[in-house]
Amino acid sequence: KNSVKAMEREMVTCSLQAKERAVLKRSQLFQTPGGKDLDTKVVVVLGKAGMGKSILVQKICQDWTNGEFSQFKFVFWFDCKQLSLPEKRYSLKDLLLEYFVKPQEGSKEIFEYILENPAEVLLIFDGFEELHNHETFPRCSASQPEKDFCSMRDLLSGLIQKKILRGCTLLLTARPKDKVYQYVSKVDKTIEIVGFSPQQRELFITKYFQGLPYSRNALKLIKESEYLFSHCHCPVMCRFVCFLCETLLETGDKNLPSTLTTVFLKFVQQKITPRQADVTAVQNQESLAALAHIAWCLGEKHQSIMKSALLPSKEVREFALKYGFFLPFTFPQHSSSGEEEFGSIFSDFVIQNFLVALHLMLAEDIKDKSLTKYLSFPSKKKKTLNWLDLVPRFLAGLLFLQDDPYFCSFSKKDIKHSTRKQKTLLKYIRRLQINRLCPERLLELLHCVYETQSNYLLQHVALCLKPEMSFLGVVLTPPDVHVLHSILKRSRKEFSLDLRNSSIDMQGLKDLVGLKNVASFRASLSDTVRLWNSLNQTKDYETLRASTQKFVLDPFKAKTMKDISDLSELVEMQETVVNCVQDTSGCSSSYEIPAIKNLRKLEFALGPVCGLQGFLKLVEILAAFPSLQHLDLDALSENGIGDEGAKSLSEVFPTLTSLETLNLSQNKITDVGAEKLAAALPSLSSLKTLSLYNNSICDFGAENLAKVLPEMASLRVLDVQYNKITGVGAQQLTDSLRKCPHIKNLVMWNPTIPYGMLEHLQQMDSRISV
C-alpha cells in the first residue's frame, strides 16, 4: 500500500491534468514556489508549433534589456535548431562567450563571475526537441564539465543534472508531445501557450488589415469561413490565412478555400506563379519538387535546417530564398577553426509539412501502398513522423485534388497515378477499425477525412463512430472541435461525449452540446458554468435548458480545491437556471438541473493539505444532491478531515436520505469524532455500508457506535478494523451485534485486540470478520 501511495504522489507531481487557463504576466514567469537557492530552477514553456514560443523568448530578452527580470545579470538565448546540426564540441565558456556573445575584453573575469554567481544567470534553450532524438538523452560524463569540451547535448545534460552551473535558471521551450519530462528530472514550473481566443483572433486580423480599403471585408470573409477562422487560434496559421485573404481580395476573388490543404496549395501557387516566359514555370516545377524532397529528407531526421553546401543546386537555393520557403542563417562559429558556415532553414514548420506531403504525392519512387505508413491513424504511431504532425492531413487532401487547377499548375503527375494513390487511401480507411481508435488517432483521422472533402469518406467515418466518445484529458483545439462537429452532425446515432480536461473553448463547447444527436455530455464544471452564464446573459434560454438536460455529473471525483469551488458554483447556478427555464417555459412546477438531482456517487480526494478545508466547504452543499447514495472520503493520499470534519458531516446527516455507502476510512477520526457520528448515524435511514477503517477510534468511540447499531435498521456492513479498539470495545460491539439481525458483516480486526479474544468473538458470532 505504501508503494501505491508513493506512486500516486509521484503522479500528482508530474501530472498536467489539473492545468487551468489563466492569464500569466511575463513578470510572473520565473516565480517558482519553494526550492533551495542552490538548486537549478527549470521552467518549461510548452506550446504546439506556431503558437509563439520563440516570440515569447524574444520578448523576454527584450524586456530584460529594458530593465525587467533584474534578478538576472546574464541572459543567454540559444536557438536549438542552430545548435542541433553541427557535430561540434564546446566548453561552457566557449558556448557562452564565443558562440553567444564575444566580449571585447575580460572574457576570463566574466566567466569566473558567472561560475561564482550562477543564480544571476538565465539560460534559454528555444526548441528543446531539436537537441535530442526520441530514444535517448545522454548523461553528462565529463570529469570537469565546466572546463571540458562536450557536445551540445552533453552540455545541456550537465546543466539539467546540476553538474554544470548549479543554481542557474533554465527556460526550455518545447512542443506538448515532446518527452521533456523524460529528460528533466525536476520541473519547477510548467506553462502551456494555448493560442488566440476568438477575440484575439479578430484583433490580430483587424491589425493585419489595418489601413487597407478592404479591412472590414477581410474580417467578415475569414469569420464566415468557420474552419479557417478556427485555425486562426494558432498565430502562424492566422498569418497564413490573412496573407491568402489579402491576395484574394486584391484580385477581386471573394471565396476562401474550404480546407487547410487548398489554403497552402493556393499559397504556394501565389508565391511561384511566374510572371515571365513558360521556361520559368518548368524551372519552378523542378525546383519545387527538389525542395519538397529536401523537406522530406530533413523531416525524417527531425530537422528543418541544413548547410547550404548540401543543397542540390544554386538554382534550388535561390528559388527557396526568393519565394520565402527558406531563410538564411549562419551556423555558430567555432573558436578552433574560426570559419563561418552558412545554412538554410525552412521559414515555417507548416511549409515544411506541406512540402513533405507534396513530395509523397509526386515522387515516382514512393509506391501507392507505402503511403499508408505516413498516416498516423494506427494506435502505434511511427516514431519518425512525430515531428511531422500535419503531413497526414496535407497528404490526404492532396490525394483528392488531382483535378484542381492549382495542383495541376505545378504537378507533372498523370491523373491515373494520382487516382491509384487515392484508391489506396480509400481502401485503407475502409479497413480501419474506427471505433477502436484512441482519441488522438481518431481526431487525426477526422482531420484527414475532412481535408479530402469526400462525402463518401465523411459519411463512412460518421457511421463508424461509437456512441460513447471520451476525450478526457485530450486537448481539443478549435479546429479539432470544428471537424468533430461537422462529422457528428452527419450521423444518425445519439452520442455521449466526455470533454473533461480537454481545454475546449466556450464556443466549441456550445457548438458540440447544441447538436441534436448529442444526447449527453460531461465537461469541466468551470467550463459548463461559464457556458451557462453566457447563455443566460445572451438570453438563449432554449439552449440553456437543453444543455442542462444533457449535462452529466455522476460520478464526480473532487481532487482539488477548484473542484469543490466549481461544484459549489454549479449548485449556486441552479437557482438562476431554474428561473430562466420557468420564465421561458411558463411552467410553474419546480425544475431541477438533472445532473445535480441525479448525482449518486461523490468521491473526495484532496489530500492532507487541503482535505479539511475542502471538506468543510463540500459539506455546505451536500444537501443539494437528493439522490446521493455513495460518499467516499477514502483516498490514498489520506484526506485527514479529522474530528472537525466528522462533526460537520454529522450535522447534515438528516438531509442525506438516499445515502447507502459512507466511507470515512483513513481520516484521522478519534473518539471525539466517532461520538458525533454515532449520535447522528440513525438519521441516515438508507445507510447500508459504513467504513471507519484505519482511523484512531478507541473503546469510547466503539461504545458509542455499539449503542446506536440497533437503531440503524438499514445497515448491513460496518468496518472498524485498523483502529485502536481493545478487547473492551470489541466486546461491546459484539454484544450490540446480537441485537442487530439485519447486520451481515462486522469487520473488526485491530492490532490492540488480543488475537485469541477476537477468535473467540468470531466463534460466538460468525458475522464478525478478522
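Are phenylalanine 326 and phenylalanine 346 buried or exposed? Both phenylalanine 326 and phenylalanine 346 are buried, where buried means under 20% relative accessible area, exposed over 50% and partly exposed in between, with a 1.4 Å probe and protein chains only. The model is predicted, with local features requiring pLDDT of at least 70 and side-chain atom pairs counting only at pLDDT 80 or more, whereas totals for chains, interfaces and linings use all residues. Residues are numbered from 1 along each chain as its sequence is written, and side-chain values use heavy atoms, with hydrogens and water left out.

When residues up to four places away in sequence are not counted, the contacts of phenylalanine 325 (heavy atoms within 4.5 Å) include Val268, Leu291, Phe319, Phe346 and Leu355.

The structure holds 24 aromatic pairs, defined for rings of Phe, Tyr and Trp (its six-membered ring) whose centres lie within 6.5 Å, with planes under 30 degrees apart counted as stacked, over 60 as edge-to-face and the rest as tilted. One of these is the edge-to-face pair of phenylalanine 264 and phenylalanine 394, at 5.5 Å centre to centre and 70° between the planes. This pair links distant parts of the chain, since phenylalanine 264 lies in helix H12 (residues 260-272) and phenylalanine 394 in helix H16 (residues 391-399), 130 residues apart. Phenylalanine 264 is buried, with a relative accessible area of 1%, and phenylalanine 394 is buried with a relative accessible area of 1%. The rings of phenylalanine 326 and phenylalanine 346 have centres 4.7 Å apart and planes at 70°, so this pair is edge-to-face. Ring pairs also link Phe240, Phe243, Phe264, Phe267, Phe354 and Phe394 into a cluster.

Charged groups also sit over rings (NZ of Lys or CZ of Arg within 6 Å of the ring centre and within 35 degrees of the ring normal): the charged end of arginine 239 lies over the ring of phenylalanine 240, 5.4 Å from its centre.

Key
Helices (H or I, at least four residues) and strands (E, at least two) are DSSP runs, numbered from the N terminus.
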